[in-house]
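Open the model in your viewer and keep the selection panel at hand. The tour moves from one selection to the next and says what is there.

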Amino acid sequence: MKLLIAIVQDKDANRLSNEFIDKNIRATRLSTTGGFLKSGNTTFMIGVEEDRVDEVLEMIKAASHTRQQFMTPPVNLDAQLDNTSSYPVEVQVGGATVFVMPVDQFHQF
Ligand code: 2BA
């Protein structure tokens with residue numbers, strides 16, 4: 001068995017969640033926050049047998065879209081006055097970030 005941890009954008013999460021239900025993939029959905037943008041994203045924990053990992057990766061890939069987002073860097077109050085204005089920076093987010101990990105044991109009590 002493998003544990004997939006998939007971080008996707010909120011906008012793609014509902015569709016992916018429905019796909020998991022349709023295909024009988026068991027997943028837990030967490031509301032998470034990106035460390036860089038400090039805005040919401042969704043993390044799925046998915047426990048699957050090894051022979052379904054590629055199928056799940058394809059589902060995640062198909063549901064996840066790349067988007068441009070703007071973030072405003074924090075103002076440095078120690079800087080000179082003419083350096084203090086901070087302009088929004090364009091950042092490309094996603095599709096999805098996925099970790100695939102081995103599972104030593106799986107129990108349901
Ligand atoms: P955030 O940390 O909010 O990052 C959003 C996007 O900002 C990233 O998109 C990336 O394009 C950019 N970014 C992140 N850190 C940066 C930095 N130090 N300098 C410049 N640009 C930076 P993605 O790479 O698609 O990541 C989307 C979300 O996936 C991340 O949201 C984070 O929640 C998660 N993530 C990505 N890589 C991760 C990792 N190695 N470990 C844990 N979580 C990760």
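Begin at the ligand and select β5: with three residues, this strand gives the most to the shell around the ligand. Keep in mind throughout that the model is predicted. β5 covers residues 89-93, and together with β6 it makes up the elements that give two or more residues to that shell.

**The ligand and its shell**

Now select the whole shell. The residues around the ligand are I7, G34, G35, F36, L37, N41, V91, Q92, V93, G94, T97 and F99. Colour them by class: six are nonpolar, six are polar and none is charged.

Next, show distances from the ligand to the protein backbone. A polar backbone atom of Q92 is 2.5 Å from an oxygen atom of the ligand. For F36, a backbone N or O atom lies 2.8 Å from a ligand oxygen. At G35, the distance between a polar backbone atom and an oxygen atom of the ligand is 3.2 Å. On its own the ligand has 750 Å² of accessible area, and the protein covers 51% of this.

Select G94 and G95. The peptide bond from G94 to G95 is cis, and its omega is near -5°. G95 sits in the loop between β5 and β6, while G94 is one of the residues around the ligand.

**The strands**

Which residue of β3 is the bridge partner of I7? Select T43 to see it: T43 is the partner of I7 in β3. I7 also belongs to the residues around the ligand.

Leave T43 selected and bring in β2, residues 27-33. Seven bridges join β2 to β3 (residues 40-48), and the two run antiparallel. Here the bridge partner of L30 is T43.

**The hairpin and G40**

Follow the chain from β2 into β3. Six residues lie between the strands of this hairpin, where K38 takes a positive phi near 60°. K38 is not a glycine, despite that positive phi. Is K38 buried or exposed? Its relative accessibility is 65%, so K38 counts as exposed, the cut-off for exposed being over 50%.

Step along to G40, which is in strand β3. G40 has a relative accessible area of 46% and is therefore partly exposed. Select its contacts: leaving out residues up to four places away in sequence, G40 touches D10, T32 and T33.

**Helix α1**

Turn to the helix and select D12, which is found in α1. With a relative accessible area of 4%, D12 is buried. Show side chains here: that of D12 makes a polar contact with the side chain of R67, at 2.9 Å. Apart from its neighbours within four places in sequence, D12 is in contact with A63, S64, H65 and R67.

Further along α1, which spans residues 10-22, select S17. At 18% relative accessibility S17 counts as buried, because the cut-off for buried is under 20%. Beyond the residues up to four places away in sequence, S17 touches R29 and F44.

**The last stop**

Continue into the loop between α1 and β2, and select N24. The phi of N24 is near 60°, a positive value in a residue other than glycine. N24 has a relative accessible area of 52% and is exposed. To end, select K38 again, in the loop between β2 and β3; its phi is also positive, at about 60°.

How values were computed
Residues are numbered from 1 along each chain as its sequence is written. This is a predicted model: local features need pLDDT of at least 70, side-chain atom pairs count only at pLDDT 80 or more; totals for chains, interfaces and linings use all residues. Side-chain values use heavy atoms; hydrogens and water are left out. Two strands pair if DSSP finds at least two bridges between them. Helices (H or I, at least four residues) and strands (E, at least two) are DSSP runs, numbered from the N terminus. Buried means under 20% relative accessible area, exposed over 50%, partly exposed in between (1.4 Å probe, protein chains only). Contact means heavy atoms within 4.5 Å. A residue is near a molecule or strand if one of its heavy atoms lies within 4 Å of it. A polar contact is a pair of N or O atoms within 3.5 Å; within protein, one must be able to donate a hydrogen and the other to accept it, and residues adjacent in sequence count only if both atoms are side-chain atoms. Accessible areas come from the Shrake-Rupley method with a 1.4 Å probe; for residues, only the protein chains shown count as cover. Ala, Val, Leu, Ile, Met, Phe, Trp, Tyr, Cys and Pro count as nonpolar, Asp, Glu, Lys and Arg as charged, and the others, Gly among them, as polar.
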